[in-house]
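User: Hi! Could you walk me through this model, starting with the aromatics?
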Amino acid sequence: MRSPALVLIRLGPAIIFIIHGYLKLFGGLHDQTVALFLTVNLPNPELTAWFIGALELVGGVALLVGIFVRPLALLLAVEMAIAIYKVRLPQGFVGAWEFEFTLLLLLIGLAATDGRVGGVHNDHVVHTPKN
Amino acid sequence: MRLLISLLALWMLAAPTPVHAADITSVPAGLNSEAVQAFKRGLELHKAKAWKDAIVEYEHALALGGRFPEAFNNLAYCYRKVGMVDKAIDLYRVAIALRPIFVQAHDYLARAYLTKGDKDAALHEYEIVRRLDQKLAVCLWAAIQHNDPDYHDMPWGSSMAPVPVVPAGAMLSAALL
C-alpha cells in the first residue's frame, strides 16, 4: 500500500522542480541558466539549459502525478549530483551558499528510484500481492 | 480538476523574475560586525581609489570571516588596480565560485584577462556578461575592442556610468560570437 507520508516526500521535490523548470523555460531565467553553465564549463550551454529546464518541468510533473517516477527521479538525481559537483561543492555545506539543499533533492530523487514513494507505475511494479 | 488548480497555482508562483545587477557594496546578513566594519572601511577607501589601503581592510574583513563574494570581488579589483593581476584573477575565481552568476566579477575577470593579453578567456567571460547584463556587456565589448581593460570600467556597476557608443556592426559581430 502507498504510504501518504512517502507520497508527501515525493511531492516536495515535485513542486520545487516544476517551479525551477518553468522559470528556466518560460520565466525569464534561461539566460541566467546559460550564463551559469558557461561559468562551470558545461558543454553546449544553450542546448543544455533547454534540456535541464524541460527535465525539471517534466520530471516535476511526473513526480507530482506519480507516473514514470523511477526513470525521471533517477535523471533528476543525476542532475543534482552534477549540480553539487560543478556548482555547489566549492560553496561549502552550510551558510548562504550551501549545497545541503541540492543534496537533499539528490537523496530524495534517489529514494524515489526505489519505487516505494508512491506513483501509479511504482505500485504495480514493486508491490507483489500477498498470498 | 484539483491537479489543474495545483498546476495553475504553481504557474502563478513561478512569475518571471527580473535580473538585477549585483550590488558590490552589499553585505550578507549574519556576519560578525568587525568583518562588516572592515569591509565598509575597505569600500570607502576603494571609492577614494586608495587601493593599497583598501586591500588591507578587505583582507582584514576576510580574515575576520567575511568570506562573501563581494569581499573577494572588491579585493580582486584593488589588486588589479595595483598591478597584481594574477592574484586578482585567483580572487575573482573565488568570488565566482561562491556566486557563479556574479556579473561584475565576470566583467572584471574579463578585464583582468585582457590585461594579461588572454583575449579568448576575456571573450568567454564576455559571453557570460552578455547573458546577465546587456549594459555592462556593451561596455565590456568596447573594452575588448579597444584592447583596453580600463575602457569604460565601472567599479560600481552598470547603473553608475554612461554606456559607450559602439558601432552596430561591432555589436552584431559580438552577438554572433
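This is a predicted model: local features need pLDDT of at least 70, side-chain atom pairs count only at pLDDT 80 or more; totals for chains, interfaces and linings use all residues.
User: Does Phe26(A) count as buried or exposed, and what is its relative accessibility?

Analyst: Phe26(A) counts as exposed, at 54% relative accessibility. Exposed means over 50% relative accessible area, buried under 20%, and partly exposed in between (1.4 Å probe, protein chains only). Residues are numbered from 1 along each chain as its sequence is written, chains are lettered from A and ligands numbered from 1 in the order in which they are written, and side-chain values use heavy atoms, with hydrogens and water left out.

User: Thanks! And Tyr22(A), buried or exposed?

Analyst: Tyr22(A) is buried, with a relative accessible area of 15%. Tyr22(A) and Phe26(A) are four residues apart in helix α1 (residues 4-26) of chain A, so about one helical turn separates them. Helices here are DSSP runs (H or I, at least four residues), and strands are E runs of at least two, numbered from the N terminus.

User: Switching to chain B, which elements does it have?

Analyst: Chain B has nine helices and zero strands. Of its 177 residues, 47% count as buried.

User: Which aromatic residues form a cluster there?

Analyst: Trp51(B), Tyr77(B), Tyr92(B) and Tyr108(B) are linked into a cluster by ring pairs.

User: Which residues have the most contacts inside the largest nonpolar core?

Analyst: They are Phe39(B), Tyr58(B), Leu75(B) and Tyr92(B), in a core of 58 residues. Such a core is a set of buried Ala, Val, Leu, Ile, Met, Phe, Trp, Tyr and Cys residues joined through side-chain atoms within 4.5 Å. Another core, of 20 residues, lies apart from it, and Phe17(A) and Ile84(A) are among its members.

User: What does Leu75(B) touch?

Analyst: Leaving out residues up to four places away in sequence, Leu75(B) touches Ile55(B), Tyr58(B), Glu59(B), Leu62(B) and Leu91(B). Contact means heavy atoms within 4.5 Å.

Key: Rings of Phe, Tyr and Trp (its six-membered ring) pair if their centres lie within 6.5 Å; planes under 30 degrees apart count as stacked, over 60 as edge-to-face and the rest as tilted.
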